[in-house]
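Here is a briefing on one protein model.

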Amino acid sequence: MRNVLITGCSSGIGYCVAKGLRERGYQVFASARKQEDVERLEAEGFKTLQLDLADPESVQDAVYELMLRTNSELYAVFHNGAYGQAGALEDLSRTALEQQFATNVFGWHQLTTMVMPLLRQRNEGRIIYNSSLLGYVALPFRGAYNASKYAIEGMADTLRLELADTDIKVCLIEPGPIESRFRANALQSLKTHVSIDQSVHRQKYQGAIRRLEKEGPAAPFTLPPEAVLEKVIHALESPNPKARYQVTVPAHLFWVLRRVLPTRWLDSILLRISSKENQ
C-alpha cells in the first residue's frame, strides 16, 4: 500500500479525496487543524495527523509523527488545506495577508521541504497542489487568496523543473467552483479582518455577503468534490501525469481566455462577473 498524506481533510475536497483514495487501496494519512475534526476522522477509521499549516512547529511535529508511523516511506502529498481571505486589498491589513500566506503558501512549502527527503530516498512520488482557477485569473475582493494561489502556481512550476531529473512528479489541480465549506469560511475571515462599515466598498460587500451566505451552489457549473478526486487519481497513477488539471467548465474556459484575450478584454469580462455576483 502506498502512503499518501492529505492536508485539510475536515470537509469538502480533502475529505472526499481521503475517502476516495482509501477506498482505492491507498494508506491515507488525513490531517486536519482542529482536534475535534481529527477525532471525527479517527472515528471513521482514518489514520490521522493534527496539522495546523500556519504553525511551523505543528507542521514539523506532524511530519516527524508521519515518519515514525510509515517507517519514512511516503509516496505522495496532496496539498489541500487552505482558506480564502475575502476583502478588497485596500481593506486588508498586513497581518491579514500574512495569515493568508502562512496557511496557503508557507505551510505548504515547509511541508514539501520536510517530506522531500522521503520521496528522494525512493526517487519516486507525487507532489500535488490543489490550486484554483484564481491561480491564473483574478477577481475583485479575492486579492489575498488570488495572491496565495498565484504563488503556489509559481512554486509548483519551479519545483517541477528542479525535479525534472527524478521520478518525483509535481502536479497542479486547478478547480473552479466546487461544493464545499469554502464560502462559509471566507465569510468568517471577511468579518474578522475587514471593517465593512468603514470601507468605501461597503455597498459591494453587502452583495458579497449575500453570495457567501447563499445555500447551495453560488456559481454556475459548480461540481461536487468527486470531480477533483478524479483528477487526483490520474495525477497519482498515470506514468506521465499532467502538469495541470483544470476542473469545471469555468476553469477550462478561463485557462483559454487568459491566453488568447488582451488583458483589457479579459478584465472587462471579469468585472462583469464580479458585478453580477455582488448584486
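The axes of helix H3 (residues 56-70) and helix H4 (residues 94-120) come within 10 Å and cross at roughly 20 degrees. That makes H3 roughly parallel to H4 (angles under 35 degrees count as roughly parallel). This is a predicted model: local features need pLDDT of at least 70, side-chain atom pairs count only at pLDDT 80 or more, and totals for chains, interfaces and linings use all residues. Residues are numbered from 1 along each chain as its sequence is written, and side-chain values use heavy atoms, with hydrogens and water left out.

- Axes are lines fitted to C-alpha atoms, for helices over the stretch in contact, and angles run from 0 to 180 degrees between N-to-C directions.
- Helices (H or I, at least four residues) and strands (E, at least two) are DSSP runs, numbered from the N terminus.
- The crossing of H3 and H4 is right-handed (the near helix is turned clockwise from the far one by less than a right angle).
- From H3, Pro 56, Val 59, Gln 60, Val 63, Tyr 64 and Met 67 meet Gln 110, Leu 111, Met 114, Val 115 and Leu 118 of H4. Contact means heavy atoms within 4.5 Å.
- Of the residues in this contact, nine are nonpolar, two are polar and none is charged. Ala, Val, Leu, Ile, Met, Phe, Trp, Tyr, Cys and Pro count as nonpolar, Asp, Glu, Lys and Arg as charged, and the others, Gly among them, as polar.

**Nonpolar cores**

- A nonpolar core is a set of buried Ala, Val, Leu, Ile, Met, Phe, Trp, Tyr and Cys residues joined through side-chain atoms within 4.5 Å. Buried means under 20% relative accessible area, exposed over 50%, partly exposed in between (1.4 Å probe, protein chains only).
- The largest core has 32 residues, and Ile 6, Leu 21, Phe 78 and Val 232 have the most contacts inside it.
- Elements giving two or more residues to this core include strand S1 (3-6), helix H1 (12-23) and helix H8 (226-237). H8 gives the most, with seven residues.
- Leu 21 touches Val 4, Ile 6, Tyr 26, Val 28, Leu 229, Val 232, Ile 233 and Leu 236, not counting residues up to four places away in sequence.
- A second, separate core of 29 residues includes Leu 53, Leu 74, Met 114 and Ala 156.

**Positive phi**

- Most residues other than glycine have a negative phi.
- Asn 71 has phi near 55 degrees. Asn 71 lies in the loop between H3 and S4 and counts as exposed, at 60% relative accessibility.
- Thr 248 has phi near 90 degrees. Thr 248 sits in the loop between S7 and helix H9 (249-260) and counts as buried, at 6% relative accessibility.

Conventions
Angles under 35 degrees count as roughly parallel, over 145 as roughly antiparallel, 65 to 115 as roughly perpendicular and the rest as oblique.
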